[in-house]
Amino acid sequence: MGIAGQFRSLPANPASHSVAQILQQGVELVEDLSRKLQALDRLMLTGKPNEISAAAVVVEMALKSAAPAFAEITDTMGQLGACNLAAAAAQLRQIEQEDAAGLAEALRFALARFAKRSAGANRRAQQLNRGLNAALKTLQALGVQESGRLIAEA
């Protein structure tokens with residue numbers, strides 16, 4: 001089953017950014033997010049709650065600030081009539097925009113790596129959370145409280 005003819009052509013006057021620029025920005029954002037997530041993941045191994053919290057805020061803010069760029073990528077894919085980045089790359093190759101097609105593939109791979117790292121960091125965060133909860137329950141069982149508030153600064 002071929003994919004020819006399943007896509008829309010690009011508009012004659014694209015918005016202020018070309019498809020390649022939009023995809024390049026997406027690749028750069030995902031790589032930056034990956035670095036920040038990797039730093040957070042490494043910090044979770046140190047057991048330093050203040051640093052972990054600060055790194056988590058950095059990742060969260062980076063994700064929020066990247067949202068408009070990802071919305072623009074989604075809109076561009078819609079203009080191409082592509083439901084995913086692989087289809088967008090195929091469409092771009094069909095209309096002889098090899099650089100943009102390569103960027104669509106690079107973005108697809110960068111997102112796959114980010115998703116894998118994100119899942120790993122999520123598992124580590126869940127383990128850390130379970131460990132903290134178990135420690136806090138142990139402290140509660142030992143009666144370590146101050147004015148009805150659990151001391152959790154250890």
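This is a predicted model: local features need pLDDT of at least 70, side-chain atom pairs count only at pLDDT 80 or more; totals for chains, interfaces and linings use all residues.
## Salt bridges involving helix H1

Six salt bridges are found in a search of the whole structure. One of them joins Arg35 to Asp32, with 3.7 Å between the closest N and O atoms. These two residues are three apart in helix H1, so about one helical turn lies between them. Asp32 has a relative accessible area of 25% and is therefore partly exposed. A network of salt bridges links Asp32, Arg35 and Lys36.

Arg124 and Asp41 form another salt bridge, and here the closest N and O atoms are 2.6 Å apart. Because Arg124 lies in helix H4 and Asp41 in helix H1, the pair ties together parts that are 83 residues apart in sequence. Arg124 is partly exposed, with a relative accessible area of 27%. Asp41 is buried, its relative accessible area being 18%.

## Second largest pocket

The volume of the second largest pocket is about 160 Å³. Its lining consists of Leu40, Met44, Pro49, Ile52, Ser53, Ala56, Ala125, Leu128, Asn129 and Leu132. At least two lining residues come from each of helix H1 (19-46), H2 and helix H4 (98-141).

Sorted by class, the lining of this pocket contains eight nonpolar and two polar residues, and no charged residues. Arg124 and Asp41, which form a salt bridge, are adjacent in number to the lining residues Ala125 and Leu40.

## Thr76 in helix H2

Thr76 is part of helix H2, which spans residues 49-80. With a relative accessible area of 8%, Thr76 falls under the 20% cut-off and is therefore buried. A polar atom of the Thr76 side chain lies 2.8 Å from the backbone oxygen of Glu72. When neighbours within four places in sequence are left aside, Thr76 is in contact with Val19 and Ile22.

Definitions and conventions: Residues are numbered from 1 along each chain as its sequence is written. Side-chain values use heavy atoms; hydrogens and water are left out. Helices (H or I, at least four residues) and strands (E, at least two) are DSSP runs, numbered from the N terminus. Buried means under 20% relative accessible area, exposed over 50%, partly exposed in between (1.4 Å probe, protein chains only). A polar contact is a pair of N or O atoms within 3.5 Å; within protein, one must be able to donate a hydrogen and the other to accept it, and residues adjacent in sequence count only if both atoms are side-chain atoms. Contact means heavy atoms within 4.5 Å. On a 1 Å grid over the protein atoms alone, a cavity is a set of points where a 1.4 Å probe fits but cannot get out, and a pocket is an open set with protein on both sides within 12 Å along at least five of seven lines; lining residues have an atom within 4 Å of a point. Grid points are joined across faces, edges and corners, and a volume is the space filled by probe spheres set on the points. Ala, Val, Leu, Ile, Met, Phe, Trp, Tyr, Cys and Pro count as nonpolar, Asp, Glu, Lys and Arg as charged, and the others, Gly among them, as polar. A salt bridge is a side-chain nitrogen of Lys or Arg within 4 Å of a carboxyl oxygen of Asp or Glu.
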